[in-house]
Amino acid sequence: MTMKINQSLKNFALVFITLDLCLIIYALVFNSSIWLLNTQVAFISSLFITIASFLSYKKNIQGRLSNLDLSKQVNAEQRDKVDEIDDPYDLYTEYEQIPEDELTPEKIKEIINEEKAKVKKNSVKNTIFSATGFLSIYRVLGYATLILGFFALNNNKLFLPLAFIIGLAIVPIGVLLSKLLDKK
């Protein structure tokens with residue numbers, strides 16, 4: 001598993017370096033150094049944001065996994081084959097069976113309200129847990145770098161919108177290409 005992850009990281013790095021080198025060569029041959037400056041400021045900022053997002057969400061997931069209570073998990077050996085066929089993802093085991101003669105409209109409304117309360121509680125809980133992912137200091141610094149780079153270029157009358165957008169687009173294109181290479 002570690003070897004596959006290292007290979008994926010090498011593929012990501014190789015694709016990003018190759019795309020950036022192509023962009024640098026294109027800028028030096030066909031455009032000016034200002035064009036190159038715009039693409040590199042945007043590329044570095046975008047790459048920093050992407051890496052920071054990855055690291056913050058990775059940390060978030062590892063934190064959730066470390067807090068996971070495996071005692072609540074239903075043991076797969078306790079389920080029979082018919083139950084596995086009827087409910088392959090074990091969605092209905094936590095619910096108690098209510099006889100049909102006890103299901104009154106009031107009871108149904110009560111069950112629906114209980115489920116709505118669970119969903120609301122879980123959505124607030126998920127928002128709090130995922131806040132560390134989107135409020136990561138690295139991610140904030142990445143966006144700050146992007147904004148400061150934009151203003152520095154714009155205030156010095158060096159900003160070229162097309163070059164900046166192309167520099168920003170390198171990271172998503174690189175991710176797409178590296179994922180395509182990773183599947184082969």
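In what order do the elements of the protein run from the N terminus on? The elements follow the order α-α-α-α-α-α, and the protein accordingly holds six helices and zero strands, where helices (H or I, at least four residues) and strands (E, at least two) are DSSP runs numbered from the N terminus. The model is a predicted one, in which local features need pLDDT of at least 70 and side-chain atom pairs count only at pLDDT 80 or more, while totals for chains, interfaces and linings use all residues. Residues are numbered from 1 along each chain as its sequence is written, and side-chain values use heavy atoms, with hydrogens and water left out.

Of the 184 residues in the protein, 21% are buried, a term that means under 20% relative accessible area, with exposed meaning over 50% and partly exposed lying in between (1.4 Å probe, protein chains only). Among the contacts (heavy atoms within 4.5 Å) in the protein with a separation of 6 or more, 72% come from residues 24 or more positions apart.

Helix 2 (residues 33-66) packs with helix 6 (residues 161-183) at an angle of about 35 degrees, the axes being 7 Å apart; axes are lines fitted to C-alpha atoms over the stretch in contact, and angles run from 0 to 180 degrees between N-to-C directions. The residues that make this contact include Trp-35, Phe-43 and Leu-47 of helix 2, together with Phe-164, Gly-167 and Ile-170 of helix 6. By class, the residues of the contact divide into eleven nonpolar, five polar and no charged, where Ala, Val, Leu, Ile, Met, Phe, Trp, Tyr, Cys and Pro count as nonpolar, Asp, Glu, Lys and Arg as charged, and the others, Gly among them, as polar.

Helix 6 also contains Ser-178, which is buried, with a relative accessible area of 1%. When residues up to four places away in sequence are not counted, Ser-178 touches Asn-11, Phe-12 and Val-15.

Aromatic rings of Phe, Tyr and Trp (its six-membered ring) pair if their centres lie within 6.5 Å, and planes under 30 degrees apart count as stacked, over 60 as edge-to-face and the rest as tilted; by this rule there are six aromatic pairs. The rings of Tyr-26 and Phe-30 are a tilted pair, because their centres are 5.2 Å apart and their planes lie at 40 degrees. Tyr-26 and Phe-30 are four residues apart in helix 1 (residues 2-30), and are therefore separated by about one helical turn. Tyr-26 is partly exposed at a relative accessible area of 39%, whereas Phe-30, at 60%, counts as exposed. Elsewhere, ring pairs link Phe-150, Phe-151, Phe-159 and Phe-164 into a cluster.
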